[in-house]
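User: I am new to this structure. Please walk me through a few of its parts.

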Amino acid sequence: MKIAVMGAGAVGCYYGGMLARAGHAVVLIGRPQHVAAIYRDGLFMDTQSFHEYVPVQASTDAAAVAGAKLVLCCVKSTDTESAAAAMAPQLDPDAVVLSLQNGVDNAERLQALLRCDVAPAVVYVATEMVGPGRLKHHGRGELVIAASARGDDLAKLFAEAAVPVQVSDNVVGALWAKLIVNCAYNALSAISQLPYGRLVQGLEVEPLMRDVVHECLAVAQAAGITVAPDIWQAVQRIAHTMPGQLSSTAQDLARQKPSEIDHLNGYVLRQGQALGIPTPANRALYALVKLLESR
């Protein structure tokens, strides 16, 4: 199967690389410096179970999605509409676009602009690009996708590539659970520039994270979203399963790049305002990250 990865950063390169190792024809669409290195040498994957160059195709042009039966959309949430516009003329009508993005509404935003089927996925992986065409995998790697005929096929595809997949009847709830984890960690990691394991040891950090989680749950409940009851335990586990991980928001700020905070704590803030739910902890974290972005 031809598979394209739109936005081949750390997440896209990890899943695209795993699918390429399983024998699929994968093309990674990304930034010029990564594309040049991958085109020359292949994608170097430094994971917890193997260290090797993986042969893949690479391009800087969204037209490379042409002919792909599966497209992994891994662009930043802020780039969702522009990515959809770039892909739309080239996509096969029977292709599936799988959104592997942060936030909860990217699949809907993609579907509004694309003729083919779009499905959301929830991503749990700690990975980063440590150099042009070089991926470092820190842990985990599982996906949650929606239950459907195509969902079952996708689950089999990923499972055969050694990617654990859970098929769920409540992907929206799973997306919100991931959003809540991100809201608890991303901004604090960005503001402090600390990895998760050290972050949670900070004075009054745990009560603040609890406040963030409670606000997110209140907004989700008001919106009719069902989130797993063990979400606080899930938040706590992240610091143990990914102790050395800096959040993507922290990495963006360190590189003086715009972050996705508008689609994390900012999204909860806006939804809370629309539903009459106060979210002061999320508001404070959102405001601080926006200040840091504006320096």
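User: In which sense do S3 and strand S4 pair?

Analyst: This is a predicted model. Strand S4 spans residues 51-54. S3 and S4 form a hairpin, with four residues between them. They pair over four bridges, and the sense is antiparallel.

User: Which residue in S4 is the bridge partner of aspartate 46?

Analyst: Two partners in S4 can be named here. Methionine 45 has glutamate 52 as its bridge partner. For aspartate 46, the bridge partner in S4 is histidine 51.

User: Which residues of helix H2 are buried?

Analyst: Helix H2 covers residues 32-41. Buried here means under 20% relative accessible area. The residues of H2 that qualify are His34, Val35, Ala37 and Ile38.

User: Why do the buried residues of H2 line one face of the helix?

Analyst: Look down the axis of H2. The buried residues keep to one arc, so they line one face of the helix. That arc is 170°.

User: Which exposed residues does the face of H2 turned away from its buried side carry?

Analyst: Exposed means over 50% relative accessible area. On the face of H2 turned away from the buried side, the exposed residues are Pro32, Tyr39 and Arg40.

User: What do the buried residues of H2 pack against?

Analyst: One partner is a helix, H1 (10-21). The others are strands. They are S2 (25-29), S3 (43-46), S5 (57-59) and S8 (117-131).

User: Is glutamine 245 buried or exposed?

Analyst: Glutamine 245 sits in the loop between helix H9 (231-241) and helix H10 (248-254). Its relative accessible area is 9%. The cut-off is under 20%, so glutamine 245 is buried.

User: Which residues is glutamine 245 in contact with, leaving aside its neighbours within four places in sequence?

Analyst: Glutamine 245 belongs to the loop between H9 and H10. With those sequence neighbours left aside, its contacts are Ala126, Thr127, His138, Pro195, Tyr196 and Gln251.

Terms used:
Residues numbered from 1 in each chain as written. Predicted model: local features only at pLDDT ≥ 70, side-chain atom pairs only at ≥ 80, totals over all residues. Heavy atoms only, no water. Buried < 20%, exposed > 50% of the residue type's maximum accessible area, 1.4 Å probe, protein only. Helix = DSSP H or I, 4+ residues; strand = E, 2+ residues; numbered from the N terminus. Arc of directions from axis to C-beta. Contact = heavy atoms within 4.5 Å. Pairing = 2+ DSSP bridges.
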